[in-house]
Amino acid sequence: MKNFFIIIVAFMTFCGGCAGPAAAEISVSDAAALEKAVAKARKGETILLAPGQYDLTDLKIPRDLTLKGEGEVVFYTTRPTEKGILNPLWDASLRVENIRFKGARAPDFNGAGIRHDGMDLTVINCIFDTNEDGILATGQDEGVVTISGSAFINNGYGDGYSHGIYMASGRSLTITESRFTGTRIGHHVKSLAAVTKITGSNFDDADGKTSYSIDASKGGNVVITGNSFIQAADGDNSTLINYDQTRGGGADALVISGNRIVNRNRNGRLLRNGTALVPIIEDNEITNEAGGRLSVK
């Protein structure tokens, strides 16, 4: 019995308590290899991407994965997409890091860098450039989308129905330290999530004739703090932030504080509030340029 106990202790020490093997990392260097790796990877594995151009169209993500660029990695498409360059499926969570998504187009004008139909989506240090939608999230109601250190540049088809980020479903959207520039006619961010929190980010209409910087048309709990906004003189909409319940939801809370705003629109307005909720609006620094006027009421 004593020898048996020694053998068991030695085995547990050797296998680290046998909690299970660590998730593997798979390295790929081209689109074909990536497609095979995604099809074969086990849940929770990480695929490391060598620098280069990856021509991808509607790459389905069937289970939880991480895609991580090592160097300059560009996902682009030379063909029309049905949904997007990447398409996480139902119940799948995806984490992407250090990747540029470029040029997604679709027959319905909603081709997305990422069309998220799954559970959670985490985007770290990525760039979404000249897609019809940067990110279009149409996944599960419990899903959480987190964006950090990323850039959304010149996205939008130009019809007012495509956006930098459109979270059409999901529990929460969190955006930190990210940049939105030149969204064409649509909104920089459109969120129908129950909770939307946007902090430390930059919004610049540039020459995109952007509509709202932030559109929360399902109400919810919305916090917009510590950001910077530049509203163009010729924007498609003269209001920066929209909060209403045209898509349902509850008017739970709205905080707009500590933001820096440069307004160039002669009829500028900080907020369109279509609810009975009294928002908290405080400590925002507003500068009007080029004849611009901004109403905070």
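Strands β17 and β20 (residues 195-199) run parallel and are joined by 5 bridges. Within this pair, Ile-175 has Ile-198 of β20 as its bridge partner. The model in which this pairing is found is a predicted one.

On its other listed pairing, β17 (residues 172-176) meets strand β14 (residues 144-148), again in the parallel sense and over 5 bridges. Here Val-144 lies opposite Ser-172 of β17. These strands belong to an open sheet of 11 strands, with parallel pairing and the order β1-β2-β5-β8-β11-β14-β17-β20-β23-β26-β29. The edges of the sheet are formed by β1 and β29 (280-282), each of which pairs on one side only. From one strand to the next, the twist averages 5 degrees. Elsewhere in this order, β5 pairs with strand β8 (residues 94-97) in the parallel sense through 4 bridges, and Thr-66 stands opposite Arg-95 in β8.

Another open sheet contains 10 strands, paired in parallel and ordered β4-β7-β10-β13-β16-β19-β22-β25-β28-β31. Its edge strands are β4 and β31 (294-295), each with pairing on one side only. Strand β16 (residues 165-167) and strand β19 (residues 189-191) illustrate the parallel arrangement, with 3 bridges between them; Tyr-166 is positioned opposite Lys-190 in β19.

The protein chain as a whole comprises 2 helices and 31 strands. Its C-alpha trace spans about 85 × 45 × 30 Å along the principal axes. Of the 297 residues in the chain, 49% are buried. Among contacts between residues at least 6 apart in sequence, 67% join residues at least 24 apart.

Helix α2 (residues 31-40) was examined next. Its buried residues are Ala-31, Leu-34, Ala-37 and Val-38. These residues lie on the same side of α2, because they cover an arc of only 120 degrees around the axis. An α-helix has 3.6 residues a turn, so residues three or four places apart point the same way. The face of α2 turned away from the buried side carries the exposed residues Lys-36, Ala-39 and Lys-40. At the start of the helix, a side-chain oxygen of Asp-30 comes to within 3.2 Å of the backbone nitrogen of Ala-32.

The largest nonpolar core holds 57 residues, of which Leu-34, Leu-49, Leu-67, Phe-75, Leu-86, Val-96 and Phe-101 touch the most other members. The element that gives the most to this core is α2, with 4 residues. For Leu-86, residues up to four places away in sequence being set aside, the contacts are Leu-59, Leu-67, Phe-75, Leu-94, Val-96, Phe-101, Gly-113, Ile-114 and Arg-115.

Two loop positions were also considered. Thr-57 is located in the loop between β3 and β4. The residue is classed as buried because its relative accessible area is 19%, the limit for this class being under 20%. The side chain of Thr-57 forms a polar contact of 2.7 Å with the side chain of Thr-77. When residues up to four places away in sequence are not counted, Thr-57 touches Thr-77, Arg-79, Pro-80, Thr-81, Gly-84 and Ile-85.

Ala-206, by contrast, occupies the loop between β21 (202-204) and β22 (214-216). With a relative accessible area of 36%, Ala-206 is partly exposed. Apart from neighbours within four places in sequence, Ala-206 is in contact with Thr-181, Gly-182 and Ala-232. Ala-206 and Ala-168 are separated by 38 residues in sequence and by 25 Å in space, C-alpha to C-alpha.

Terms used. Residues numbered from 1 in each chain as written. Predicted model: local features only at pLDDT ≥ 70, side-chain atom pairs only at ≥ 80, totals over all residues. Heavy atoms only, no water. Buried < 20%, exposed > 50% of the residue type's maximum accessible area, 1.4 Å probe, protein only. Arc of directions from axis to C-beta. Polar contact = N/O pair within 3.5 Å; in protein donor to acceptor, adjacent residues only side chain to side chain. Contact = heavy atoms within 4.5 Å. Core = buried A, V, L, I, M, F, W, Y, C linked by side-chain atoms within 4.5 Å. Pairing = 2+ DSSP bridges. Axes fitted to C-alpha atoms, helices over the stretch in contact; angles between N-to-C directions.
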